[in-house]
Each structure stands twice: as C-alpha cells, then as structure tokens.
Amino acid sequence: MDFTEVQIQRYSRHILLQDVGVEGQEKINNGKVLIVGAGGLGAPIALYLAAAGVGTIGIIDGDVVDLSNLQRQVIHFTPDVNKPKVISSKEKINMINSDVKVITYYKLLTAENALEIIQNYDFVVDGTDNFPVKFLINDACVIAKKPFSHGGILRFDGQTLTYVPGSACYRCLFHSPPPPNVVPTCSQAGVLGAIAGMLGTIQAAEVLKYLTGVGDLLTNRILTFNAKTMEFRTIKTKHNDYCPVCGSHPTVTGLIDYEQAVCEIESLRKNK
Amino acid sequence: MSKISVNGKIQDVNTPISIIDLITQNNVAQPSMVSIQLNGQFVNRDDYENTQISEGDEVDFLYFMGGGQ
Ligand SMILES: [Zn+2]
C-alpha cells in the first residue's frame, strides 16, 4: 500500500512512533475489526479505530439510539435518537475518515450467525451489555481461533482482557454465565458515563497493538479498575485446563444462545 | 492469625479458612457474581467449601461485569 501525501499527514503521529512507523500504519489500514455493540464501549472503540485508519470496521448492533444512551455513547448525537445505532455510527466514522470501509449489521449476534460474521475479521471487540453475548463472543472466537478483547463495565468499575488463541479465555476465568436476573447483570444498574470511555479506549489500544504487533497484549491477565479510588490492577491469569471451551475436555463444542435476564429483554423491547 | 493477600491487599485471617468463608468475611454481597483465583489458578465453584487458604496465599475476587452499552 502506498500512502498519499494526505494520508501521510493524517497518520503522521502514528508514523512518527518508532514502534509503528509507515509499516505499522499500513497494518492498521489493512486491518479488519468487528465491534460487537455500538454503545458505551463500542462508541469510543469505533471513534478511535476510525481515526487510526483501521481499513474495515464491522459494527453489529440491533438497537436504535435512545435518549438515555447519550450520557455515555459518545458516537451518537441528540438528532440520532431513534436511528439504528449502526447507521449513526457509520455516519460518524465516514465523517472522521473516508479511508475506513464500514460494514453494518443491524441485528443481534447469535449462535446462528456468529461464526459466519466473525470469520471476515482479524480481531473482534466485545462492547456488549449482557452475559449471553459476552459468552457467545468468547466461544465463537475460541472455536474460530480468532483474537478478541473482552470488556465489561458496571457502576464505577471496568474490566478487560485480551484473548489470542492459546491464552486464557473469558471462560477460563468465568466458567459460565451468572444466573439470569441477578441484579448487576441488568443495564438498569447504572454506570458513570466516562467509565465507558476509560475502558473502551483501553480496548481500542489493544486492537491497535494487535494489528501493529507492538507491545504486550493483555493476554493471560485481566485489568480491572475502580473509578472511585482510581486504582488499576492487573491480575495474572492462566489457561484453565478445566475450561469448558478451551480446556482439555471441553463441554462447550458449539455455540449457545443463553437466556437473557428478563429486565434486559424488557429494556430491549422498550428501545425498539 | 495468618497473612494472606486478597485482591492485592494484605489481610489477617484465622487460617485455615475455606474460600466460602473468606467470601463471607469479605462481605461479598452476591457470591454468584464472583469468580475466585487462588495463587493465579481458577477455583471451581464446587470446590469453594473444601478449598482451604493458608498463610501467604494470594486470592483474587474477579467480579462479573456485564455492562458495555
Ligand atoms: Zn478457556
């Protein structure tokens, strides 16, 4: 790929980085990344990856923009209320950087479509708000040997880990989804808006590190932070031989659509 | 009293103590929302009662975080 003068100028702050350079920027421009969920985490992830020039960004989300989303989902603006989130996201990405090809999926990721969709991408980013899809992304990526970034936020806390084939997966740490209807799984628990930006930008940085091969990914580690104390911790983890999907005797060999908590389904309906 | 590490902070506890008792002692409101690592190794939920913690052990409580939207 030969960069034009305009592109060299646009990406100059990456190109100036010794670890990235023209070569690294080319890798970014050739990268294909799928963002699952165009919400609190998906918004900063999409904005930064678009600005960075990631060649193809896929966005999957079955929701429309709700007024209550605007407190943190910074890719959506007030006039976007009631617009599909994938369309609102695509419009902003196109305005930021026309180098980026955006592929939208106005639907939910399910056991039926997950493998088919993710196979088109180099890296998958979890920006979803519920456990059924978080486990689905993990299982699909482990089965398809696809690297991904897990992200979760709740109230004042965030956590993230990066998976590459062979490293500890989400299920190595969190065996199976918590029982449905446990309060903090619900989107109603509340979240400090800026937390989404704090975690989403860490995930975006992981994507760029993966594409360029720079640095050490958050593999075999989980990063957690609490914004009340502003304490960050990185906890070492290990591949778990008893992991139901990547252990030596896997019990999860196909994809599963886990049951959603009732309040989540209701909030999805309300948003429709 | 023995010193153990819980989430990176030193705690004095009477050992031996089972994981389930340590969870109670740390006022974890919803034990079903926490995953436990002992010295970097995931502990199966079925083993919380019969896994004992001793001096110098490092325990991490990893909480389920389902948000993202
Ligand atoms: Zn695993």
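Select Ser18(B), which sits in strand β3 (residues 17-18) of chain B. Strands here are DSSP runs of E with at least two residues, helices are runs of H or I with at least four residues, and both are numbered from the N terminus. What you have open is a predicted model, where local features need pLDDT of at least 70, side-chain atom pairs count only at pLDDT 80 or more, and totals for chains, interfaces and linings use all residues. Residues are numbered from 1 along each chain as its sequence is written, chains are lettered from A and ligands numbered from 1 in the order in which they are written, and side-chain values use heavy atoms, with hydrogens and water left out.

Is Ser18(B) buried or exposed? Ser18(B) is buried, with a relative accessible area of 5%. (Buried means under 20% relative accessible area, exposed over 50%, and partly exposed in between, with a 1.4 Å probe and protein chains only.) Now show what touches Ser18(B): leaving aside neighbours within four places in sequence, the contacts are Tyr48(B), Glu49(B), Thr51(B), Gln52(B) and Ile53(B). Contact means heavy atoms within 4.5 Å.

**Next: Thr15(B) and Pro16(B)**

A cis peptide bond joins Thr15(B) and Pro16(B), with omega about 0°. Most peptide bonds are trans. Pro16(B) lies in the loop between β2 (9-13) and β3 of chain B.

**Zoom out to chain B**

Colour chain B by secondary structure and you'll find one helix and seven strands. Along the sequence they run β-β-β-α-β-β-β-β. The radius of gyration of chain B is 12 Å, close to the 11 Å that the globule rule gives for 69 residues, so chain B is as compact as a globular protein of that length. (That radius is taken over C-alpha atoms, and the rule is 2.2 Å times the number of residues to the power 0.38.) The C-alpha atoms fill a box of roughly 45 × 25 × 20 Å along the principal axes.

Of the 69 residues in chain B, 49% count as buried. Among contacts in chain B with a separation of 6 or more, 55% are between residues 24 or more positions apart.

**Into the largest pocket**

Select Asp157(A), Asn226(A), Asn7(B), Tyr63(B) and Met65(B): of the 29 residues lining the largest pocket, these lie nearest its centre. The elements that give two or more residues to this lining are β6 (157-163), β7 (221-226) and β8 (231-236) of chain A, together with β7 (58-63) of chain B. Which element gives the most? That is β8(A), with four residues.

The volume of the largest pocket is about 760 Å³. On a 1 Å grid over the protein atoms alone, a pocket is an open set of points with protein on both sides within 12 Å along at least five of seven lines, a cavity is a set where a 1.4 Å probe fits but cannot get out, and lining residues have an atom within 4 Å of a point. Points are joined across faces, edges and corners, and a volume is the space filled by probe spheres set on them.

**Along β8(A) to Phe232(A)**

Phe232(A) is in strand β8 of chain A. At 45% relative accessibility, Phe232(A) counts as partly exposed. Beyond neighbours within four places in sequence, Phe232(A) is in contact with Met198(A), Ile202(A), Leu223(A), Thr224(A) and Phe225(A).

**The cavities**

There are two cavities of 30 Å³ or more. Select Leu108(A), Thr128(A), Asp129(A), Asn130(A) and Gln69(B), the closest to its centre among 16 lining residues.

**Last stops in chain A**

Helix α4 (residues 42-52) of chain A has eight of its 11 residues buried, so the helix is largely enclosed by the rest of the structure. Gly53(A) follows α4(A), with a positive phi near 90°.

Finish with Lys145(A), in the loop between α7 (131-143) and β5 (148-154) of chain A. Lys145(A) has a positive phi of about 55° although it is not a glycine, and at 61% relative accessibility Lys145(A) counts as exposed.
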